[in-house]
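Please keep the sequence and the structure in view while reading.

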Amino acid sequence: MPPGSAAESGPTASAPLPKLVVEGTRLTHKTDLLFALHEHPAVTGRRRYRYHFPVVSAEWGTLAPVPWGPSLISYPPELADAARRGYDAWLELFRAHAHYPWFVDRFHVSTQVHQAAAGRPVDLRDVDTALADLGFRHVLCVRDPATFRAARLRRLEVSGNPSQYDDLEVFVREQEAMRAAVTASALPSLVVDVSDDDVERAAEAVVAWLRQDGVVPT
């Protein structure tokens, strides 16, 4: 049962309802961290049995029927309207299910940074404001630039698209642009350094932040 439902816990029961957008360039463990939080008992609350929470991503390459196709982040100019409709659809879904946890693996900050780097700045301030109004928070994963090379070697062991990791300087530049974009965002934010590749430690840092702000119980 979903958290806080009458069938699971009683009509007045409550459960943590975190809404997190985990951002970061590639090789920063953002997806690993998101899944660690997705299973953390302080974030999910006590569960009598295991049910899923929504995990979604603007990185899904679904705007064209090709492998690793254009996404809400990487779309070309001719798909800008489709990408915008995608963001509007996600916002409508988040509003319709406002009383539920959401875990988002990259979203509008990634779009703004990617499109600006391609010379196509996009204004998604309305998306940012809507997310803030709904209680979303940013977690930005970063790493020391000197550690990207070792992270790349580990990723090449499992990647189905290794060419995307050829130029590490792209990630370094993107990381700094993301810092600026998250700082400018209306969403509360936490920067987590993952240079040591310790995802469990990073997850505990996020949980401590959520506890401090009363998003999850102490």
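The side chains of Glu-174 and Arg-106 meet in a salt bridge, with 3.8 Å from N to O, where a salt bridge is a side-chain nitrogen of Lys or Arg within 4 Å of a carboxyl oxygen of Asp or Glu. This pair links distant parts of the chain, since Glu-174 lies in helix 8 (residues 168-184) and Arg-106 in the loop between strand 3 (102-105) and helix 5 (108-117), 68 residues apart. Helices (H or I, at least four residues) and strands (E, at least two) are DSSP runs, numbered from the N terminus. Both Glu-174 and Arg-106 are buried; buried means under 20% relative accessible area, exposed over 50%, and partly exposed in between, with a 1.4 Å probe and protein chains only. Through salt bridges that share partners, Arg-26, Glu-59, Arg-106 and Glu-174 are joined into one network.

The model is predicted, so local features need pLDDT of at least 70 and side-chain atom pairs count only at pLDDT 80 or more, while totals for chains, interfaces and linings use all residues. Residues are numbered from 1 along each chain as its sequence is written, and side-chain values use heavy atoms, with hydrogens and water left out.

By the salt-bridge rule the count comes to 11, and the table lists three of these pairs.

| Pair | N to O distance |
|---|---|
| Glu-174 and Arg-106 | 3.8 Å |
| Asp-88 and Arg-84 | 2.7 Å |
| Arg-84 and Asp-126 | 2.8 Å |

Asp-88 and Arg-84 are four residues apart in helix 4 (residues 80-96), and therefore separated by about one helical turn. Asp-88 is partly exposed, with a relative accessible area of 37%, and Arg-84 is also partly exposed, at 24%.

The axes of helix 2 (residues 30-38) and helix 9 (residues 199-212), which are lines fitted to C-alpha atoms over the stretch in contact, come within 9 Å and cross at roughly 60°. The contact, meaning heavy atoms within 4.5 Å, is made by Asp-32, Leu-33, Ala-36 and Leu-37 of helix 2 and by Val-199, Ala-202, Ala-203, Val-206 and Val-207 of helix 9.

Key:
Axes fitted to C-alpha atoms, helices over the stretch in contact; angles between N-to-C directions.
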